[in-house]
4 protein chains.
Amino acid sequence: MAGNTYGQIFKITSFGESHGMGIGVVIDGCPAGLPIDLEFIQSELSRRKPGQSRVTTQRKEEDTYVIQSGVFEGVTTGTPISIYIKNKDQKSKDYSHIAESFRPSHADMTYQEKYGHRDYRGGGRSSARETAARVAAGAIAKIFLKKKGISIHAGVTQVGPIKLEQDIQTIDWSNVEKNIVRCPNSKVAEQMEEYIMSVRKEGDTVGGLIGCIINDCPIGLGEPVFDKLHAELAKAMMSINAVKGFEYGSGFNAINMKGSDHNDLWKNIDGKKTTASNFSGGIQGGISNGMPIYFNVAFKPVATIMKDQDSITNIGEKTTVVGKGRHDPCVVPRAVPIVEAMAALVIADFYLRLQTDKL
Amino acid sequence: MAGNTYGQIFKITSFGESHGMGIGVVIDGCPAGLPIDLEFIQSELSRRKPGQSRVTTQRKEEDTYVIQSGVFEGVTTGTPISIYIKNKDQKSKDYSHIAESFRPSHADMTYQEKYGHRDYRGGGRSSARETAARVAAGAIAKIFLKKKGISIHAGVTQVGPIKLEQDIQTIDWSNVEKNIVRCPNSKVAEQMEEYIMSVRKEGDTVGGLIGCIINDCPIGLGEPVFDKLHAELAKAMMSINAVKGFEYGSGFNAINMKGSDHNDLWKNIDGKKTTASNFSGGIQGGISNGMPIYFNVAFKPVATIMKDQDSITNIGEKTTVVGKGRHDPCVVPRAVPIVEAMAALVIADFYLRLQTDKL
Amino acid sequence: MAGNTYGQIFKITSFGESHGMGIGVVIDGCPAGLPIDLEFIQSELSRRKPGQSRVTTQRKEEDTYVIQSGVFEGVTTGTPISIYIKNKDQKSKDYSHIAESFRPSHADMTYQEKYGHRDYRGGGRSSARETAARVAAGAIAKIFLKKKGISIHAGVTQVGPIKLEQDIQTIDWSNVEKNIVRCPNSKVAEQMEEYIMSVRKEGDTVGGLIGCIINDCPIGLGEPVFDKLHAELAKAMMSINAVKGFEYGSGFNAINMKGSDHNDLWKNIDGKKTTASNFSGGIQGGISNGMPIYFNVAFKPVATIMKDQDSITNIGEKTTVVGKGRHDPCVVPRAVPIVEAMAALVIADFYLRLQTDKL
Amino acid sequence: MAGNTYGQIFKITSFGESHGMGIGVVIDGCPAGLPIDLEFIQSELSRRKPGQSRVTTQRKEEDTYVIQSGVFEGVTTGTPISIYIKNKDQKSKDYSHIAESFRPSHADMTYQEKYGHRDYRGGGRSSARETAARVAAGAIAKIFLKKKGISIHAGVTQVGPIKLEQDIQTIDWSNVEKNIVRCPNSKVAEQMEEYIMSVRKEGDTVGGLIGCIINDCPIGLGEPVFDKLHAELAKAMMSINAVKGFEYGSGFNAINMKGSDHNDLWKNIDGKKTTASNFSGGIQGGISNGMPIYFNVAFKPVATIMKDQDSITNIGEKTTVVGKGRHDPCVVPRAVPIVEAMAALVIADFYLRLQTDKL
């Protein structure tokens with residue numbers, strides 16, 4: 001039973017392969033009456049597109065899109081919105097060498113065994129190229145959330161050993177798009193860029209961390225007991241390629257804290273119910289409490305490296321996976337809009353779910 | 001739109017409140033023909049029940065259960081299995097002092113604002129008492145998985161600063177039930193117990209970490225692209241009360257690693273496709289690869305403490321939440337069976353989902 | 001993959017068997033803040049309960065219920081509402097004779113083959129006793145709809161050859177509960193009752209028709225393209241035991257009509273958009289148009305008869321199914337509240353779904 | 001909450017409008033390893049396409065399609081299959097006259113009020129042009145079912161007063177494609193064709209009936225209690241444009257029958273469990289019993305007629321809807337492949353659901 005649909009009310013279904021005809025997404029459940037900013041969708045796709053800088057893969061895709069349905073005279077009609085992005089720079093010959101080999105820490109083996117038949121070209125469906133669909137759908141979700149006054153910001157806070165030491169709640173997000181690493185601090189960004197370039201030179205790759213904050217959510221987003229807001233955020237983030245960990249609010253640091261330090265005391269500040277601290281990360285009992293929601297997402301180093309690696313074939317024979325092809329030395333700069341997109345999809349869905357919870 | 005159901009095929013719906021009549025769960029989609037071990041279900045519930053040791057809450061609940069449907073002559077019939085656990089030691093007078101106050105870092109405020117009307121007794125639906133339903137359903141899932149040769153083990157690997165330094169893949173799990181903290185190492189368990197008791201004496205609480213491993217899964221569990229195995233595990237774990245973070249395989253440590261170190265090289269060992277290392281945590285492209293699946297779950301310190309705390313009321317007036325009532329000084333010892341139960345539910349569901357993926 | 005849950009937002013999960021401990025239902029997604037009229041729920045259950053008159057089965061069940069969760073101080077809290085109805089007059093010995101035989105036109109054979117193991121007592125899960133769960137949940141839905149000004153009426157319009165010849169839109173529904181057949185016309189009701197009693201005397205059974213009307217729905221209920229309002233009504237009605245056909249508006253008669261006769265012309269009557277005729281049955285393009293919604297549901301004769309019938313056993317050997325046991329000679333009188341309950345569940349669900357369709 | 005997805009495991013999401021760019025469908029959950037017969041898909045689309053004969057609309061669409069994903073080297077990969085059909089002969093100017101008017105018995109008014117904004121061109125999303133998506137997806141389902149030995153046949157059995165008087169179980173289906181009405185009897189087909197042409201000449205339209213049979217299903221398709229096989233068939237059929245009624249097996253005629261006549265007695269015929277009669281329509285307790293499954297679907301006369309009709313505008317002012325545009329005088333000839341497609345989707349889905357019901 002497949003899993004290419006996300007969301008309960010604001011629901012997206014993604015399709016397409018890395019080296020097939022294209023990537024697409026159908027959004028079902030976007031409310032009618034929403035004016036669609038076509039340039040904004042393109043700008044979001046461009047933040048994710050390959051070949052955008054020297055710290056990303058050199059595959060060239062403009063990632064221009066077309067809306068095939070659901071928008072009439074610039075405004076959503078309540079019917080499914082289908083967005084399609086053609087693949088252009090497929091070069092599928094590049095991948096013939098892995099048709100019958102399993103690249104280490106890729107999905108080649110698991111797809112082969114699960115399905116018995118796979119599109120091996122560039123990883124097929126398992127490629128992060130699929131995330132273009134998420135970014136396109138996420139752009140629609142962002143347009144919706146903007147109408148509701150909600151904003152989402154993400155940025156790179158760590159690349160390998162280079163770390164931005166700053167409380168995520170105090171970050172000035174306006175800097176993120178000013179450097180190619182998408183770190184909110186330009187000094188640290190420079191170090192990160194330098195580090196990524198040195199790793200690339202080695203033919204190697206490196207992991208990183210993305211922090212994300214969601215501001216001005218209404219109280220009440222998230223549903224007890226299984227569909228807690230942070231549980232859905234976790235699922236959404238963990239579903240992004242290369243993600244290995246998720247934490248919100250105090251996160252893993254909560255282990256070391258005592259309750260008396262960790263508890264966020266309630267205050268009435270100018271008639272607004274506010275917590276003095278925010279270790280809860282804006283979520284209590286799985287439901288947004290009106291404070292900023294923030295979380296971290298950990299990414300592993302990209303599995304494609306420019307080094308030869310021992311491996312086996314479909315039928316278990318020894319082989320060598322040769323280090324070639326185009327790839328990202330570090331995935332996090334391009335993953336920033338993906339994290340934002342998935343966050344937007346989660347929040348938009350819960351925003352709509354909230355509308356039916358109370359008489 | 002509520003969220004009290006979990007799973008796609010092996011599907012559970014949980015109900016009940018901390019101080020209502022009882023807690024229950026309906027399991028729909030458990031395959032017919034499964035013999036049910038009634039004592040095993042009780043033993044699982046007993047691992048979670050309150051009052052089981054000096055490091056847990058002193059609320060006394062035997063947590064005996066009754067199967068109301070779906071099992072005939074000891075065997076599942078394919079119809080919904082309803083399990084019900086009566087509440088006995090409710091003492092709801094204990095909670096009248098918070099009927100109109102918001103306990104810090106509890107769900108009182110968010111439930112109040114979301115629903116306009118809440119069962120404030122012991123947190124009502126937001127109480128971790130609800131997890132009894134998960135453990136009961138998880139026991140059925142475990143019985144199913146055992147038939148399929150799959151085993152699940154969890155244990156406490158950190159309490160506050162006390163940490164078990166050991167690769168989770170090398171742990172001997174037979175020790176877990178031999179100490180009241182449920183740490184697989186008896187020496188470390190003693191230190192943890194001591195620490196918890198000292199924190200309890202202060203009227204305070206502390207967080208912790210649980211590690212979990214799933215062995216002998218078939219290849220193919222998990223579904224691209226949104227329903228990746230680790231994404232569902234993340235959601236399932238994050239939906240447990242007090243959880244703040246999730247990581248699988250290399251987890252957050254992956255940030256610091258290079259691809260050439262992190263990649264798990266394929267070997268053919270005695271005809272079995274095996275990886276030399278297992279930073280992938282048994283999952284590649286969101287799909288199990290036959291290696292052990294392992295992950296960590298971080299818990300915050302319990303919000304109920306024995307100290308007075310400043311807060312506000314429903315209508316925003318200043319108040320003091322008095323430190324009284326029964327609670328756990330550290331949640332992780334009782335959370336071990338809950339983590340296992342949620343893991344079992346995730347795996348059972350994907351096991352069934354896998355049956356339809358290939359012709 | 002089981003199917004014991006109905007609804008998308010106002011969602012019910014039913015459980016229990018005819019001769020097990022009881023029948024229950026969990027309602028997830030009922031909005032918080034709804035005052036629950038406990039007596040109304042009982043009165044609905046009593047309309048469906050067995051043994052209520054001489055035209056029904058003589059099994060005696062009071063069908064008293066208990067609400068186990070989700071209602072606090074008489075008002076819904078937004079958490080799952082669990083309702084449980086104990087079985088009392090099970091007499092399961094009555095059914096030992098069919099433990100290994102297939103009753104004709106019952107579900108014995110299909111359950112046996114599908115699941116390999118079945119609760120044969122009184123049909124187990126396939127028994128219409130399950131509909132008690134629907135009526136209980138439907139009562140909650142009706143309470144919700146009443147708040148929204150929506151009313152639902154059903155009645156028996158045919159039993160065997162005895163037919164009420166009247167446009168369903170002109171019926172006075174206040175008579176339905178005044179006779180044991182639940183026909184809105186007392187004269188016709190008498191004939192129906194007489195007919196049913198004569199059939200009962202023969203040890204036989206007979207089918208019937210129920211008409212249902214839903215008044216004062218807002219415009220907009222129902223969703224293109226698969227979840228059309230009448231498509232969901234059809235599914236909900238066809239899911240009731242013994243139902244063989246469904247039609248709405250002009251129904252099967254539409255086959256013989258021409259478009260120029262069948263089209264409902266729009267008028268503006270006192271500022272309200274109204275159709276001159278209503279062959280559309282209040283639904284256009286799958287969406288309610290504000291006019292009365294009406295439909296018919298056809299029931300087959302009950303399969304349990306007081307005559308011996310040739311059949312086979314589990315393993316295909318010839319046998320005779322002896323005509324004994326308690327049963328209804330005609331199912332429609334007791335099915336009236338079930339039809340209403342399912343209609344209420346459909347409408348409540350679409351009412352909530354509508355809340356998210358427009359910005 | 002929108003409803004453009006159908007199915008639980010074999011799941012389709014449809015998108016597109018009558019006069020937009022095109023119509024498409026994403027199939028998620030089709031098992032991997034299925035060889036796809038591209039010509040068969042085209043032949044199915046051609047059976048539905050407009051302009052195919054003189055009894056259909058004169059809109060010209062070749063309805064050629066492209067598979068955008070999910071099929072590699074001619075075989076399904078288990079990833080979403082996206083099929084796209086471009087619109088060519090849109091002529092959207094034809095529809096400007098109804099931009100602000102409500103056509104009688106169309107969905108113009110309900111879409112306008114539900115969404116506040118609608119694509120009025122040719123009915124937009126409410127147009128039966130959407131069914132091209134269903135036929136494309138249904139073709140994939142048919143390919144899957146053929147592998148499993150299951151066949152589906154439908155044909156026109158009534159047009160206005162012209163009726164084929166024959167038990168659907170005795171029909172020779174090979175004649176259906178030999179006449180433009182798609183009636184299995186060529187004599188009756190001639191009368192139907194003549195009748196349709198006479199109605200067309202009047203500028204009017206007429207309804208009809210389609211019968212459908214599904215042969216060689218395994219025992220066990222369909223799920224208690226809400227997802228009964230016939231309940232899903234009813235929903236699927238009722239979701240087709242212009243359908244007003246559904247019945248299976250004995251259908252509405254069951255009302256007049258007695259249990260002793262209606263019951264299908266079990267026989268063991270050559271080791272196969274068989275019923276002597278088949279009033280059950282191959283389904284008992286909502287589950288297929290191995291006998292032929294058959295049902296009828298009633299269609300209303302098409303709402304677009306070549307006559308002027310009184311109506312109102314968006315804002316309730318009187319207007320006249322002029323009788324022009326292209327349309328079908330009778331919808332049933334083109335609806336035959338749509339009925340088959342929806343039946344195939346239902347059966348394929350239940351076939352997969354069945355795989356997880358028993359240990």
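This note goes through contacts between and within the chains of a predicted model, point by point.

1. How to read the model. Because the model is predicted, local features need pLDDT of at least 70 and side-chain atom pairs count only at pLDDT 80 or more, whereas totals for chains, interfaces and linings use all residues. Residues are numbered from 1 along each chain as its sequence is written, chains are lettered from A and ligands numbered from 1 in the order in which they are written, and side-chain values use heavy atoms, with hydrogens and water left out.

2. The interface of chain C and chain A. Here 15 residues of chain C and 15 residues of chain A take part in the contact, where contact means heavy atoms within 4.5 Å. Between them the two chains bury about 1200 Å², of which 70% is on carbon and sulfur atoms; buried area is the accessible area (1.4 Å probe) that two parts lose on being put together, summed over both. On the side of chain C, the residues that lose the most area to chain A are C:Ala32, C:Thr356 and C:Leu359, which together account for 49% of what that side buries.

3. Polar features of that interface. Between chain C and chain A there are four residue pairs in polar contact, both residues being at pLDDT 80 or more. The side of chain C that touches chain A is made up of eight nonpolar, three polar and four charged residues; in this scheme Ala, Val, Leu, Ile, Met, Phe, Trp, Tyr, Cys and Pro count as nonpolar, Asp, Glu, Lys and Arg as charged, and the others, Gly among them, as polar.

4. Salt bridges elsewhere. Over all chains the structure holds 100 salt bridges. One of them joins the side chains of B:Lys142 and B:Glu44 at 2.7 Å, N to O, and this pair links distant parts of the chain, with B:Lys142 in helix H3 (residues 131-147) and B:Glu44 in helix H1 (residues 38-48) of chain B, 98 residues apart. Helices (H or I, at least four residues) and strands (E, at least two) are DSSP runs, numbered from the N terminus. B:Lys142 is buried at a relative accessible area of 13%, and B:Glu44 is buried at 5%, where buried means under 20% relative accessible area, exposed over 50% and partly exposed in between (1.4 Å probe, protein chains only).

5. A salt bridge between chains. C:Asp357 and D:Lys114 form a salt bridge whose closest N and O atoms are 2.8 Å apart. The pair joins two chains, because C:Asp357 lies in the segment after helix H7 (332-354) of chain C and D:Lys114 lies in helix H2 (residues 108-115) of chain D. C:Asp357 is buried, with a relative accessible area of 6%, and D:Lys114 counts as buried at 2%.

6. An aromatic pair between chains. The count over all chains comes to 30 aromatic pairs, a pair being rings of Phe, Tyr and Trp (its six-membered ring) with centres within 6.5 Å, and planes under 30 degrees apart counting as stacked, over 60 as edge-to-face and the rest as tilted. A:Phe226 and B:Tyr6 form a tilted pair, with 5.8 Å from centre to centre and 45° between the planes. A:Phe226 is buried, with a relative accessible area of 0%, and B:Tyr6 is buried at 5%.

7. Is A:Arg59 buried or exposed? A:Arg59 counts as buried, at 9% relative accessibility, and its place is in the loop between helix H1 (38-48) and strand S4 (65-69) of chain A. The side chain of A:Arg59 makes a polar contact with the side chain of A:Glu61 at 3.0 Å; a polar contact is a pair of N or O atoms within 3.5 Å, and within protein one must be able to donate a hydrogen and the other to accept it, while residues adjacent in sequence count only if both atoms are side-chain atoms. A polar atom of the A:Arg59 side chain also lies 2.9 Å from the backbone oxygen of A:Ser18.

8. A buried residue in chain D. D:Ile41 is found in helix H1 (residues 38-48) of chain D and counts as buried, at 0% relative accessibility. Leaving aside neighbours within four places in sequence, D:Ile41 is in contact with residues including D:Tyr65, D:Ile67 and D:Ile140.

Note on methods: Salt bridge = Lys/Arg side-chain N within 4 Å of Asp/Glu carboxyl O.
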